[in-house]
Amino acid sequence: MTDSELIRQAEAARANAYSPYSGYTVGAALLCADGTVALGCNVENASYGATICAERVAVTRAVAEGKREFSAIAVVGGKRGEPAETFFSPCGICRQFLREFCGDDFRVLVACKGEIRAYTLRELLPSGFSADAMRGDSHD
Ligand code: THU
């Protein structure tokens, strides 16, 4: 699975976003250790706080299918019907949610105007809280 193929799958998932309130559509494609991909899109709600981000939809789908090891996620977002104008930046809750299952070297791919950028979870969530911390281990 190439980075550009994972981005393409995130773009396809973005088309299914349910975002009548923000008009902002997000797609995510999560690459599982077994080579399969779990897709997600943002799903909004009239009670705004009940909205779920695309990344968490992808992770919860994968976990529900028995998968807990992941190597990368591609995320793209922008105004509905328009190509991404900026590189997507996953929200803090999603970074924390990914940290539950993904290590420091897990890759987060974003794309804009044909360019792909890759970050590690370590870069996006330095010194993040996790089960390691609850055991008293440091991962810095
Ligand atoms: N959103 C995501 O899907 N992922 C993020 O990491 C940040 C925000 C969604 C939630 C909401 O439907 C819309 O983008 C605007 O906040």
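View 1. Helices (H or I, at least four residues) and strands (E, at least two) are DSSP runs, numbered from the N terminus. Within helix 3 (residues 92–99), the buried residues are Cys94, Arg95, Leu98 and Arg99, buried being under 20% relative accessible area (1.4 Å probe, protein chains only). Because they cover an arc of only 145 degrees around the axis, they lie on the same side of helix 3.

**View 2. Shell around the ligand.** The ligand is surrounded by Ser22, Tyr24, Val26, Asn42, Glu44, Thr51, Cys53, Ala54, Glu55, Phe88, Pro90 and Cys91, each with a heavy atom within 4 Å of it. By class, this shell has 7 nonpolar, 3 polar and 2 charged residues.

View 3. Oxygen atoms of the ligand lie 2.5 Å from a side-chain N or O atom of Glu44, 2.7 Å from a polar side-chain atom of Glu55 and 2.9 Å from a backbone N or O atom of Cys91. Of the 370 Å² of accessible area (Shrake-Rupley method, 1.4 Å probe) that the ligand has on its own, the protein covers 78%. Strand 1 (24–32) and helix 2 (54–64) are the elements that give two or more residues to the shell.

**Notes.** Residues are numbered from 1 along each chain as its sequence is written, and side-chain values use heavy atoms, without hydrogens and water. In this predicted model, local features need pLDDT of at least 70 and side-chain atom pairs count only at pLDDT 80 or more, whereas totals for chains, interfaces and linings use all residues.

Definitions and conventions: Polar contact = N/O pair within 3.5 Å; in protein donor to acceptor, adjacent residues only side chain to side chain. Nonpolar A, V, L, I, M, F, W, Y, C, P; charged D, E, K, R; others polar. Buried < 20%, exposed > 50% of the residue type's maximum accessible area, 1.4 Å probe, protein only. Arc of directions from axis to C-beta.
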